[in-house]
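Visitor: Could you walk me through this model, one question at a time?
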Amino acid sequence: MIEAILLMLVMGTLLGFGLAVSGEVFYVKPDERFEKVLNLLPGYNCGACGYPGCQGMAEGLLSGEVTAVSQCKPSNAQQRTDISSYINENPGPDGKLLVVKP
Amino acid sequence: MELFSLFISAIFINNIILNRFLGMCPFMGVSRKTSSALGMGGAVTFVIFFSSIITFGLYTYILEPFNLQYMDLITFILIIASFVQLVEMIIKKFSPSLYKSLGIFLPLITTNCAVLFVALENIKQGFNFTETVVYALAVPIGFTLVLIIFSSIRERLDIADVPQALKGNPVAMIVAAIMALAFSGLAGLV
């Protein structure tokens with residue numbers, strides 16, 4: 001009984017430590033534009049763009065799948081120009097600039 | 001010679017998918033494109049190979065001496081889950097496109113019964129270390145082989161004229177059944 005508890009404790013600690021270290025080693029820098037674009041979108045998660053929610057739409061915009069912000073139906077003209085100009089001016093982690101219409 | 005026949009029989013005769021019917025979830029899920037099938041095969045090979053070696057050592061040197069054999073399932077799953085996490089980090093770092101095409105099926109390797117099967121089979125069959133290594137290499141090779149064959153057939157099926165009612169998954173199931181029949185023809189090989 002006590003061996004079993006000790007074994008699980010030791011294994012959990014070792015494996016957890018190993019994963020924590022490898023998490024540092026294989027750290028992938030998240031795209032910092034993502035948070036910004038997500039905040040600029042209306043945030044209704046209505047799904048009218050064809051994605052499950054605003055997060056999907058933001059990913060689509062940043063991966064080049066979506067070429068016009070107007071695919072987001074509830075957004076107003078101000079939001080559309082804001083988002084498109086933000087994406088057109090800020091390059092991604094790979095240094096490439098996307099072209100997105102308002 | 002015995003190791004060689006173990007190797008061949010694990011790949012072709014007792015094929016993990018077509019003969020044991022394990023690991024069906026990625027077999028149906030990630031076989032749409034040959035490239036992602038190859039990536040899945042690589043990930044599964046990595047996980048099965050290393051987790052088998054570690055679980056073998058754990059069982060022989062810790063669980064058996066301390067009479068903790070009943071702990072095999074929970075400790076094995078712990079090790080497999082950690083390895084899957086590791087693979088996920090590595091793939092995310094070095095191949096984001098593969099990470100995207102594998103999607104949910106990558107973390108699902110944890111619950112892929114093929115991985116646990118190899119870890120448990122090594123113990124049940126009483127394999128020694130060399131046999132464990134050979135078996136842990138042969139099973140995922142068989143898995144990858146079948147996945148690649150199946151995905152290339154499915155790529156052809158996409159452009160073939162399939163009856164409306166059978167389009168997509170139904171015809172894939174029929175193909176899988178025919179493949180299993182064909183592989184059972186190799187039964188007398190070893």
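Visitor: Before we start, how should I read the numbering and the confidence limits?
Guide: Residues are numbered from 1 along each chain as its sequence is written, with chains lettered from A and ligands numbered from 1 in the order in which they are written. This is a predicted model, where local features need pLDDT of at least 70, side-chain atom pairs count only at pLDDT 80 or more, and totals for chains, interfaces and linings use all residues.

Visitor: How many helices and strands does chain B have?
Guide: Helices (H or I, at least four residues) and strands (E, at least two) are DSSP runs, numbered from the N terminus. From that end, the elements of chain B run α-α-α-α-α-α-α-α. The count is eight helices and zero strands.

Visitor: What radius of gyration does chain B have, and what would a compact globule have?
Guide: The radius is taken over C-alpha atoms, and the globule rule is 2.2 Å times the number of residues to the power 0.38. The C-alpha trace of chain B spans about 60 × 45 × 25 Å along its principal axes. With 190 residues, a compact globule would come near 16 Å, so chain B agrees with its 17 Å.

Visitor: Which element gives the largest share of the side of chain B that touches chain A?
Guide: Contact means C-beta atoms, placed from the backbone, within 7 Å. By that rule, 13 residues of chain B meet 11 residues of chain A. The largest share of chain B's side, nine residues, comes from α4(B).

Visitor: What distance separates the centres of the two domains of chain A?
Guide: Domain bounds come from an automatic or database domain assignment. For chain A it gives domain 1 (1–30) and domain 2 (32–89). Taken over C-alpha atoms, their centres are separated by 38 Å.

Conventions:
Two residues are in contact if their C-beta atoms, placed from the backbone, lie within 7 Å.
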